[in-house]
Amino acid sequence: MHHYAGIDVSLECSSVCVVDASGKILREAKVTSEPEALIAWFHGLGLGLERIGLEAGPLSQWLFAAMKAAGLAVELLETRHVRKAFEAMPVKSDRNDARGIAQLMRLGWFRPVHCKSMDAQETRTVLTARKLVQSKLRDVENSLRGILRGFGLKVGPTTERSFCGRIRELVAGHPNLETVAEALLAVHAVLLREFNGFEKQVRRMARSDAKAKLLMSTPSVGPVVSLTYASAIDDPARFKSSKQVGAHFGITPKKYQSGETDYTGRISKIGDASVRTALYEAAHIMLTKPLKGCTELKSWAMRIAKRAGMSKAKVALARRLAVIMHRMLVDGTPFNPAHKKIAAAA
């Protein structure tokens with residue numbers, strides 16, 4: 001008889017449930033959220049498990065990789081799909097979640113998620129840390145501007161080099177403001193130093209990564225965009241068609257059709273938000289800056305802008321860039337504006 005298991009992962013202990021082919025619960029337990037403990041527990045069952053499911057999350061990729069290496073038939077489930085399946089659940093608990101995941105595995109009503117490689121995860125970690133430091137750096141700058149504005153001291157336009165000097169110039173003669181400004185400027189200096197360090201590291205990573213170097217042959221695609229996209233795709237072969245990439249990252253329109261109702265909405269915004277941001281920024285640069293080698297794509301997007309507006313044109317171009325960049329990764333060829341596929345897309 002076939003057996004299936006579901007794991008509801010938590011920080012300390014995970015709830016585990018095992019069911020048979022008819023849906024009858026055979027075993028339930030709380031197991032430490034460590035790969036060794038979970039592997040030992042499943043091996044100690046003495047049952048041949050067809051599928052083991054766990055919901056995607058912060059710990060899930062780590063547990064998934066170790067359990068997969070141990071020979072267990074484990075599947076990583078899409079969080080959004082699992083959440084929708086459990087909406088009718090009257091009582092939500094870790095135990096019930098594990099039971100529900102086990103039943104999903106039994107019925108086959110689940111959508112597996114790609115577990116990224118360790119290299120891709122490390123790249124995403126560096127990019128996330130860079131984005132965090134950049135955000136805090138801007139927060140400190142805006143806070144200083146807001147504090148001084150309350151006293152009629154307007155900072156005005158500044159550059160990275162002139163910002164600190166301008167702040168000290170404005171607070172001169174105000175002892176309390178000088179104390180506050182010096183403290184925040186010290187924080188600003190540390191954040192700026194670390195942010196510049198991340199910038200150098202990102203450029204080094206982009207130069208040494210074959211996929212990123214290939215993607216940077218595309219106009220308007222730099223180190224951050226290329227690394228963000230390459231780490232999110234990870235394995236280009238997991239997409240049967242390049243056209244699926246746009247929907248995967250949530251830059252295709254939502255569709256609702258029922259009876260006489262047929263509604264096409266805005267983009268779905270499902271999937272990786274950082275990839276959508278990176279692609280949109282690349283599309284914005286391509287449409288607003290004079291770049292070489294993108295005349296066909298730019299002309300195509302500008303025709304959309306004339307009839308639907310610049311914002312929708314940028315989204316459409318971002319989706320087109322996602323498709324083209326995936327095809328570049330699959331074929332292993334740099335961007336070629338004269339290529340017949342790109343010409344057809346435009």
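I counted two strands as paired where DSSP finds at least two bridges between them. The model I am reading is a predicted one.

Entry, hairpin. I looked up strand 6 (residues 253-258) and strand 7 (residues 261-267), and found them antiparallel and joined by five bridges. Ser258 stands opposite Thr261 in strand 7. Two residues lie between the strands of this hairpin, and I noted a positive phi near 60° at Gly259.

I traced an open sheet of five strands with mixed pairing, in the order 3-2-1-4-5. Strand 3 (25-32) and strand 5 (74-77) are at the edges with a single partner strand each, so one side of each has no neighbour in the sheet. From one strand to the next the twist averages 20°. I then checked strand 1 (residues 3-8) against strand 4 (residues 49-55): the pairing is parallel, over five bridges. His3 faces Leu49 of strand 4 in this pairing.

Entry, helices. Helix 1 (residues 35-43) packs on the sheet and touches strand 1, strand 2 (13-20), strand 3 and strand 4. I read about 155° between the directions of helix 1 and strand 3. Helix 4 lies across strand 1, strand 2, strand 3, strand 4 and strand 5, at about 140° to strand 1.

Entry, Ile101. I located Ile101 in helix 4 (residues 94-107). Is Ile101 buried or exposed? Ile101 counts as buried because its relative accessibility is 0%. Leaving out residues up to four places away in sequence, I listed its contacts as Gly6, Ile7, Gly53, Leu54, Glu55, Leu77 and Phe86.

Notes
Residues numbered from 1 in each chain as written. Predicted model: local features only at pLDDT ≥ 70, side-chain atom pairs only at ≥ 80, totals over all residues. Heavy atoms only, no water. Helix = DSSP H or I, 4+ residues; strand = E, 2+ residues; numbered from the N terminus. Buried < 20%, exposed > 50% of the residue type's maximum accessible area, 1.4 Å probe, protein only. Contact = heavy atoms within 4.5 Å. Axes fitted to C-alpha atoms, helices over the stretch in contact; angles between N-to-C directions.
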